[in-house]
Amino acid sequence: MEATKARGLRGKLDKVVLATTKTHLENYGCEVVCFTADVSQGVEELEGLEKKAKASGASQLVVKDLREEFVRDYVFPCLRAGAIYERKYLLGTSMARPVIANAMVDVAIEVGADAVSHGCTGKGNDQVRFELTFFALNPKLNVVVPWREWDIRGREDAIYYAKRHKVPVPVTKQSIYSRDRNLWHLSHEGDILEDPAIEPKKDMYMLTVDPEDAPSVPEYAEIGVESGLPVSVNGKRLFPASLLAELNKIGGRHGIGRVDMVENRLVSMKSRGVYETPGGTILFTAVRELESLTIDRETMQVKDSLALKYAELVYAGRWFDPLRESLDAFMEKITESTTGSVELKLYKGSVNVTGRSSPYSLYRKDVSSFEDSLIYDQADAAGFIRLYGLPMQVRSMLKQGI
């Protein structure tokens, strides 16, 4: 498969920062700096990178460890906001793209590049996430997108091209899952998953055991939270990346965090994806349960409504949009008192809360108890109900001609 159409920026670039190498050297005639971000996508993807980059003709390889930054500055703010896209998706890929693109912009400045490049397809969401980040952080950079400029029309074309140029790829025509892995999740798309009526194969999953094969004895985990952010597991304080890695292990062995969903992509098509988010599912459950103690009804309703918009912005690649940043300021303020601990029971794919406590709890036993209370007089409820139901009463009277 050759790139035959004269499109894009060929012959106009001086130096480009990208994740692939030989293809750009052949078609653009510019110096290439190969960039890789470590967001815990797996050791196999990081091994032999320098040798591969040099063999392909890149002038240098830059590797950035973004794991701590990814969890601290991207994952945890989304967790605090309660951001979930279309009821199920915990935004694993959506959060990873802006941290990677941000680092690419930094590298471009460091090496004096006039362009950046990504390998996203023209049908997916990631192209938008990368490019909106580039626009927001350095609009002067040119953006090279091979999938939109070459005659590669599908993954099989891409595999053929890579093999022809001796570039190793982790998929074959027989097993062509598209996977994205980072410290938060692992996603699966393509192959048999393109038919939403077909059940995923058991051997497809990589982070979680089948709930049917999980231990027959439940495991308890205590999550410590400060101001809406996780800080400890079972009493042990950990840095964000280490905390999430520990919960991935715990959740993974109990089959926690599997999601199979059909979602609406930005480019106006539906796609089916299967996600594994073991540690993230545990954390979402813990933070939400603690909020039930520390946030009042009206505030929680507003927070939940804004969480939908927050998730939509992140999914759409608008991480550096002023609106998301403003929403984040609200979420930070509103969760100042969300501090305490939550005990969870993990058993064969399920996460159930068994206890929660907070020094800022709005729950008062002396108020909520069915026994007599010095604060709450049950007789006061009669007047409250009459006033609260007055509009309904008036409407009924009007209908009945009273």
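**From a pocket to a sheet**

Let's begin with helix H10, which supplies four residues to the lining of the second largest pocket, the largest share of that lining. Keep in mind as you look that this is a predicted model. The pocket itself has a volume of about 170 Å³. Among the residues that line this second largest pocket are Ile84, Arg87, Lys88 and Leu90, along with Val259 and Thr277.

Strands of a sheet pair through backbone hydrogen bonds, either parallel or antiparallel. Here, five strands form an open sheet with antiparallel pairing, and their order is E10-E9-E8-E13-E14. Strand E10 (236–237) and strand E14 (350–357) stand at the edges with a single partner strand each, so one side of each has no neighbour in the sheet.

Strand E9 (residues 229–233) runs antiparallel to E10, and two bridges join them. To find one of the residue pairs, look for Ser232, whose bridge partner in E10 is Arg237.

Which helix packs on the sheet, touching E8, E9, E13 and E14? That is H10 (residues 278–294), and its direction makes about 135° with that of E13. Another helix, H9 (residues 240–252), lies across strand E8 (219–226), E9 and strand E13 (340–347), and runs at about 65° to E9.

Terms used:
Residues are numbered from 1 along each chain as its sequence is written. This is a predicted model: local features need pLDDT of at least 70, side-chain atom pairs count only at pLDDT 80 or more; totals for chains, interfaces and linings use all residues. Side-chain values use heavy atoms; hydrogens and water are left out. Two strands pair if DSSP finds at least two bridges between them. Contact means heavy atoms within 4.5 Å. Axes are lines fitted to C-alpha atoms, for helices over the stretch in contact, and angles run from 0 to 180 degrees between N-to-C directions. On a 1 Å grid over the protein atoms alone, a cavity is a set of points where a 1.4 Å probe fits but cannot get out, and a pocket is an open set with protein on both sides within 12 Å along at least five of seven lines; lining residues have an atom within 4 Å of a point. Grid points are joined across faces, edges and corners, and a volume is the space filled by probe spheres set on the points.
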